[in-house]
Amino acid sequence: VPLRNFSFGKDGGWGALEVAARYSYTDLTDGIVRGGRLSMLMTSLNWYLRPQVKWMFEIGGGSVHGGASDGNMVIVQTRVGIDF
């Protein structure tokens, strides 16, 4: 929860920032489907403009190995969460 909500003007604040990171691993093989293994590392910057509004910026990378086709990926995404 931000100590001071984001707003313009002399009494305005910047809200609150949160930095996070996560690593995930998924086995994509099931039965006759040979999907391989997916490993990902994601970093996130979350900006809480006010207690009900959160803006998330994420960037990360991953790789798939052991499936029909191996490869790497880069993911960049943003989303806004509003609690009402």
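The legends below describe close-up views of a predicted model.

View 1. Leu-17, Val-19, Leu-45, Trp-55, Phe-57, Val-80, Ile-82 and Phe-84 make a nonpolar surface patch of about 910 Å². Strand 1 (16-27), strand 3 (53-65) and strand 4 (71-82) are the elements that give two or more residues to this patch.

**View 2. Ile-82 in the nonpolar patch.** Ile-82, one of the residues that make the patch, has its place in strand 4. Its relative accessible area is 55%. Ile-82 therefore counts as exposed, the cut-off being over 50%.

**View 3. The salt bridge between Arg-22 and Glu-58.** The closest N and O atoms of Arg-22 and Glu-58 are 3.6 Å apart, and the two residues form a salt bridge. Because Arg-22 belongs to strand 1 and Glu-58 to strand 3, the pair ties together parts that are 36 residues apart in sequence. Arg-22 is partly exposed, at 44% relative accessibility. Glu-58 has 7% relative accessibility and counts as buried.

**View 4. The salt bridge between Glu-58 and Arg-79.** The side chains of Glu-58 and Arg-79 meet in a salt bridge, with 3.7 Å from N to O. Glu-58 lies in strand 3 and Arg-79 in strand 4, so this pair ties together parts that are 21 residues apart in sequence. Arg-79 is partly exposed, with a relative accessibility of 44%.

Conventions
Residues numbered from 1 in each chain as written. Predicted model: local features only at pLDDT ≥ 70, side-chain atom pairs only at ≥ 80, totals over all residues. Heavy atoms only, no water. Patch = residues over 30% accessible without salt bridge, like charges linked within 9 Å, V, L, I, M, F, W, Y side chains within 5 Å. Areas by Shrake-Rupley, 256 points an atom, 1.4 Å probe, with all protein chains shown as cover. Salt bridge = Lys/Arg side-chain N within 4 Å of Asp/Glu carboxyl O. Helix = DSSP H or I, 4+ residues; strand = E, 2+ residues; numbered from the N terminus. Buried < 20%, exposed > 50% of the residue type's maximum accessible area, 1.4 Å probe, protein only.
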